[in-house]
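Let's take a walk through this protein together. Have a look at the model below, and then we'll go through it piece by piece.

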Amino acid sequence: MISCVATLRQLVIRPLVVHHVQFLHSTPANSAARKGTREKARKKKVKVEIEKIGFIPHNQRGKDRLNALRQEKHIDDSWKSESIDNVWIGRYCKWRVYSVPEAIECHRETHHPSMYNEPNALLNVTIELNMQGEKATRFVDKFTRLAMIPHKFDLNEERNILVLAKGDDILKEARDAGAALVGGVDVIQNIQSGDVKPSEYQYVVAHPNIMGEMVAVRGLLKRKFPSPHNGTLGVDLAELVSNLLTGIQYKAVKDDYQQNYGEINTSIGTLNMDKKHLEENLVALLTDVNKQRPKREGRFITRVLLKSPPSSEMFKIDPFLYIPEERIVEGKSQKKEVVSDEQDEDKEAEAKN
């Protein structure tokens, strides 16, 4: 009888216990499973939008990645150590800075008859520029100028100059100075008719007394139209023609990929010229280039190298011995002033005294 009662208790209590355990543990698990299933179903219903990319030319594909791998052209070796001997490994030390006479003498040694045998080779200069404008997104445009130099040399190129003016005496002076063609209103009419082609002349020089008649050919001359800014308009035509025939024509070219890098390559004379004359020509060129400096802080001319073909040697010089390295400082009135290093040194010397 006792065993039957125990069996009945087990039959009555066991389902209750099993049902209670199932309610506490299995129901939240099933609910969580259903919730995860519903979330997956909702995610499947979300429409994935695929961004379409237009056609990219073959020469533009992967351009951003290539630009990121390009080497920085503005070379800064200020972090390197200076050489303590006369023989060093270039990649681990700063570039040695030469004076202009030292660099010229080094080129003369390599162009000696016992080596390259080019004692009259051209002395070329490479001027590297920071083309950054006043704003971070603006850059200085490429420009072409003519620098007047004190000491003339053979440029190995022919320059044809057209001179327009009124007055036989003025035209005679221009012709004697080396102008290829001189004339007055008759030449202007020939330009309009096409008998005289401005493309055959590198420069067009004019006297102020004929500017009223030249308005008719402004569209035909375009950038060659005389202007005092370009040194092609003035009273002394003989001097203008002489400067245009012997001046250094140079062009600042920007890099296609690095917009803030520009470079000028030109000649300042030949190795057989006097060192002092070559140095003065270089100073005149640097002064003219520095006139194109944008109104911002920092350097415009970053590096200057002297070369002489066929040698591949490049000698670095300090351009700021000849042109001011301007920087912006704050004065007592809290206004920004632009002063040169020489002025700054003078002020320091006065303060010590």
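Predicted model: local features only at pLDDT ≥ 70, side-chain atom pairs only at ≥ 80, totals over all residues.

**Starting from a glutamate**

At 29% relative accessibility, E213 counts as partly exposed, because that term covers everything between buried (under 20% relative accessible area) and exposed (over 50%), with a 1.4 Å probe and protein chains only. Residues are numbered from 1 along each chain as its sequence is written, and side-chain values use heavy atoms, with hydrogens and water left out.

So what does E213 do? The side chain of E213 meets that of K166 in a salt bridge, 2.7 Å from N to O. A salt bridge here is a side-chain nitrogen of Lys or Arg within 4 Å of a carboxyl oxygen of Asp or Glu. This one links distant parts of the chain: K166 sits in the loop between β4 (161–164) and α4 (168–177), E213 in helix α6 (residues 211–214), and they are 47 residues apart. K166, at 35% relative accessibility, is partly exposed too.

Now zoom out for a moment. The protein chain has ten helices and twelve strands; these are DSSP runs numbered from the N terminus, helices being H or I with at least four residues and strands E with at least two. Of the 353 residues in the protein chain, 33% are buried. Take the contacts (heavy atoms within 4.5 Å) between residues at least 6 apart in sequence: 66% of them join residues at least 24 apart.

Back to β4, which belongs to an open sheet of three strands in the order β5-β4-β6, with parallel pairing. The edges are held by β5 (181–183) and β6 (203–206), each with a single partner strand, so one side of each has no neighbour in the sheet. Ignoring direction, neighbouring strands of this sheet are turned by 15° against each other on average.

Helix α4 lies across β4 and β5, running at about 175° to β5. For such angles, axes are lines fitted to C-alpha atoms (for helices over the stretch in contact), and values run from 0 to 180 degrees between N-to-C directions. The contact is made by I170, E173, A174 and A177 of α4 and L237, A238, V241 and L245 of α8.

Next, move to strand β7 (residues 248–254). Strand β3 (residues 143–147) runs antiparallel to β7, and five bridges join the two; L146 has Q249 as its bridge partner in β7. Strand β8 (residues 261–270) also pairs with β7 in the antiparallel sense, over three bridges. In that pairing, A252 is partnered by I264 in β8, and a hairpin of six residues joins β7 to β8.

Which residue forms a salt bridge with D255? It is K73, with the closest N and O atoms 2.8 Å apart. D255 lies in the loop between β7 and β8 and K73 in the loop between α2 (63–69) and β1 (97–98), so the pair ties together parts that are 182 residues apart in sequence. D255 is buried at 15% relative accessibility, whereas K73 is partly exposed at 36%.

Another salt bridge joins R145 to D288, the closest N and O atoms being 2.9 Å apart. This pair, too, links distant parts of the chain, with R145 in strand β3 and D288 in helix α9, 143 residues apart. Is R145 buried or exposed? R145 counts as buried at 17% relative accessibility, and D288 is buried at 8%. Helix α9 spans residues 275–290. Leaving aside neighbours within four places in sequence, D288 is in contact with R145, L146, A147 and Y250. In the whole structure, a search finds eight salt bridges.

Definitions and conventions. Pairing = 2+ DSSP bridges.
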